[in-house]
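I opened my notebook to log what I looked up.

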Amino acid sequence: QVQLVESGGGLVQAGGSLRLSCAASGRTFSSYGAGWFRQAPGKEREFVAARSSGGATISYADSVKGRFTISRDNAKNTLYLQMTSLKPEDTAVYYCSARGWGTDPGRWDYWGQGTQVTVSS
């Protein structure tokens, strides 16, 4: 069992930056792929980024490529999402996920409770 707790969300102006963190419990986190999804009001949850257990394989949604960076520190059981050049359309609840892969939320087993990111224009 893995428990995930996100932090770092908030209100930021367009063009600004935020760094999200996801603290994982359990010694098995380092053996799982981990990722970030987001969900805006009235929309489905969508894939943002993922990184493999060893960190060598990284995947980004086209909408965030070049602006967001996913990283992980397995020694600290923590996943990060560095977000730069934020846009109002990035406004959403951001969720951390683990043990899975791909853009389909149904293919991921563990989820955090989410952290709100609001980008003002």
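**Hairpins**

I looked up S4 and S5 and found that they pair in the antiparallel sense over 5 bridges. Two strands pair if DSSP finds at least two bridges between them. I took the strands (E, at least two residues) as DSSP runs, numbered from the N terminus. The model is predicted: local features need pLDDT of at least 70, side-chain atom pairs count only at pLDDT 80 or more, and totals for chains, interfaces and linings use all residues. Residues are numbered from 1 along each chain as its sequence is written, and side-chain values use heavy atoms, with hydrogens and water left out.

The hairpin of S4 and S5 has 6 residues between the strands. There, Gly42 takes a positive phi near 75°.

Next I followed S5 onward. S5 also pairs with strand S6 (residues 58-60), antiparallel, over 3 bridges. Arg51 stands opposite Ile58 in S6. This hairpin has 6 residues between the strands, and Gly55 takes a positive phi near 90°.

Is S5 enclosed or open? I found 5 of the 6 residues of strand S5 (residues 46-51) buried, so S5 is largely enclosed by the rest of the structure. Buried means under 20% relative accessible area, exposed over 50%, and partly exposed in between (1.4 Å probe, protein chains only).

**Aromatic rings**

How many aromatic pairs does the structure hold? I noted 5. Rings of Phe, Tyr and Trp (its six-membered ring) pair if their centres lie within 6.5 Å; planes under 30 degrees apart count as stacked, over 60 as edge-to-face and the rest as tilted.

I looked at Phe37 and Trp108 from those pairs. They are edge-to-face, 5.9 Å centre to centre, with 75° between the planes. Phe37 lies in strand S4 (residues 34-39) and Trp108 in strand S10 (residues 108-111), so this pair ties together parts that are 71 residues apart in sequence. Both Phe37 and Trp108 are buried.

Trp108 has another partner, Trp101: the ring centres are 6.4 Å apart and the planes stand at 35°, so this pair is tilted. Trp108 is buried at 4% relative accessibility. Trp101 is partly exposed at 31%.

I then wrote down the aromatic cluster: Phe37, Phe47, Trp101, Trp108 and Trp111. I also checked for charges over rings. Arg45 lies over the face of Trp111, at 4.7 Å from the ring centre. Arg72 lies over the face of Phe29, at 4.7 Å from the ring centre. The rule asks for NZ of Lys or CZ of Arg within 6 Å of the ring centre and within 35 degrees of the ring normal.

**Disulfide**

Which cysteines are joined? I found Cys22 joined to Cys96, S to S 2.1 Å. A disulfide counts here when two cysteine sulfur atoms lie within 2.5 Å. Cys22 sits in strand S3 (residues 18-24) and Cys96 in strand S9 (residues 92-100), distant parts of the chain 74 residues apart. The link is left-handed, with -80° about the S-S bond. Both Cys22 and Cys96 are buried.

**Open sheet**

My last entry is an open sheet of 4 strands, in the order S1-S3-S8-S7, with antiparallel pairing. Strand S1 (4-7) and strand S7 (68-73) stand at the edges with a single partner strand each, so one side of each is left without a neighbour in the sheet. S1 runs antiparallel to S3, joined by 4 bridges. Leu4 stands opposite Ala24 in S3.
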